[in-house]
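Biologist: I would like to learn how to read a model like this one, feature by feature. Please give the general idea each time, then the case at hand.

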Amino acid sequence: MSSEQKREAWREDFPIHWEDDEYVTRREFTKFLGLTSFALFLGTAWIAVWERLQRWHPGARPAQRIAHITELDLGEVKLFRYPTAQEPCILIRIAPDRFVAYSQLCTHLVCPVVYEGEKQRLRCPCHEGYFSAEDGRVLAGPPKRPLPKIALSVRGDEIWVGDRV
Amino acid sequence: MKRQRNTVLSIAMAFLAVVLLVQLWLLVGTLEAFMGGEGLVGLPAALASGVCLLIAAWLVWSVE
């Protein structure tokens, strides 16, 4: 077989040029955009369904004793984990007869927040985000959402969280 | 005629890009609201995204 014949055989096995193989037509790209649109719709629909499911079947939160009232003086905090061991929370005594609790994870990039008692605020040291200790709303910095509040109940001299006691 | 087809294709792609941007905005907004526990915004956002999908499908079909 001559070299010319060999070359022709090679062309029959691989008839598409490298450049042609890489080439994407605008029609193909348009189809790809259509598929992207479908994927974005699926994502939004999935969140909508998940949101509804959570509304219909809210998981019961187990009751948990957090502290005794005398454990915390005014302006003091106690850290606890709720409802799972992976979710740190912070309990603060902001007034003699008022306790509040929030998730300790900043809503910006989940750094743990710390309480600044003299300014009645919670500070995220990572990106200088500030939240009100009164209600968890954002005071300053990059976070856009308030700190999730943990519902407390005082039973006797004890502070509890959760649905059932 | 070919130039006209090219123009139509370009316009369709530009519209598709706008539709995708709207869908992306809806998805990000819905996710933000969901993470922040801000009411039920998922359903209207999903419906709006569905309308965008229909428009995108029509555009893709029209350039075929």
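Biologist: Where in chain A does A:P83 lie?

Modeller: Keep in mind that this is a predicted model. A:P83 sits in the loop between β2 and β3 of chain A. The peptide bond that joins A:Y82 to A:P83 is cis, with omega about -5°.

Biologist: Which strands make up the open sheet in chain A, and in what order?

Modeller: The general idea comes before the case. Strands of a sheet pair through backbone hydrogen bonds, either parallel or antiparallel. Here the open sheet has three strands in the order β2-β3-β4 of chain A, and the pairing is antiparallel. The edge strands are β2 (77-81) and β4 (98-103), each of which pairs on one side only. From one strand to the next, the twist averages 25°.

Biologist: How many bridges link β3 and β4 of chain A?

Modeller: Strand β3 (residues 88-95) of chain A pairs with β4(A) over six bridges, in the antiparallel sense.

Biologist: Which residue of β4(A) stands opposite A:I90, and which is the bridge partner of A:C89?

Modeller: A:I90 faces A:Y102 across the pair. For A:C89, the bridge partner in β4(A) is A:S103.

Biologist: What is the phi of A:Q120?

Modeller: A:Q120 has a positive phi of about 50°, although it is not a glycine. Its place is the loop between β5 (114-116) and β6 (121-124) of chain A.

Biologist: Why does A:Q120 count as partly exposed?

Modeller: The label rests on a neighbour count. A:Q120 counts as partly exposed because it has 15 C-beta neighbours inside 10 Å.

Biologist: Where is A:E128, and is A:E128 buried or exposed?

Modeller: A:E128 lies in the loop between β6 and β7 (129-132) of chain A. A:E128 has 11 C-beta neighbours inside 10 Å, so it counts as exposed. Phi of A:E128 is also positive, near 55°, in a residue other than glycine.

Biologist: Turning to chain B, how many helices and strands are there?

Modeller: Chain B has two helices and zero strands. Of the 64 residues in chain B, 25% are buried.

Biologist: How far does helix α2 of chain B reach?

Modeller: Helix α2 (residues 42-63) of chain B has 22 residues and spans 31 Å from its first C-alpha to its last, close to the 32 Å expected at 1.5 Å a residue.

Biologist: Which residues of α2(B) are buried, and which are exposed?

Modeller: The buried residues are B:G42, B:A45, B:A46, B:S49, B:C52, B:L53, B:A56, B:L59 and B:V60. Seen down the axis of α2(B), these buried residues fall within an arc of 130°, so they line one face of the helix. On the other side of α2(B), the exposed residues are B:P44, B:W58, B:W61 and B:S62.

Biologist: How many residues does each chain give to the contact between chain A and chain B?

Modeller: In general, the size of an interface is often given as the accessible area lost when the parts come together. A residue count is another way to describe the contact. Here chain A contributes 19 residues and chain B contributes 28 residues. On the side of chain A that touches chain B, seven residues are nonpolar, six are polar and six are charged.

Key. Residues numbered from 1 in each chain as written. Chains lettered and ligands numbered in written order. Predicted model: local features only at pLDDT ≥ 70, side-chain atom pairs only at ≥ 80, totals over all residues. Contact = placed C-beta atoms within 7 Å. Nonpolar A, V, L, I, M, F, W, Y, C, P; charged D, E, K, R; others polar. Helix = DSSP H or I, 4+ residues; strand = E, 2+ residues; numbered from the N terminus. Buried ≥ 20, exposed ≤ 12 C-beta atoms within 10 Å, placed from the backbone. Expected span 1.5 Å × (residues − 1). Arc of directions from axis to C-beta. Pairing = 2+ DSSP bridges. Axes fitted to C-alpha atoms, helices over the stretch in contact; angles between N-to-C directions.
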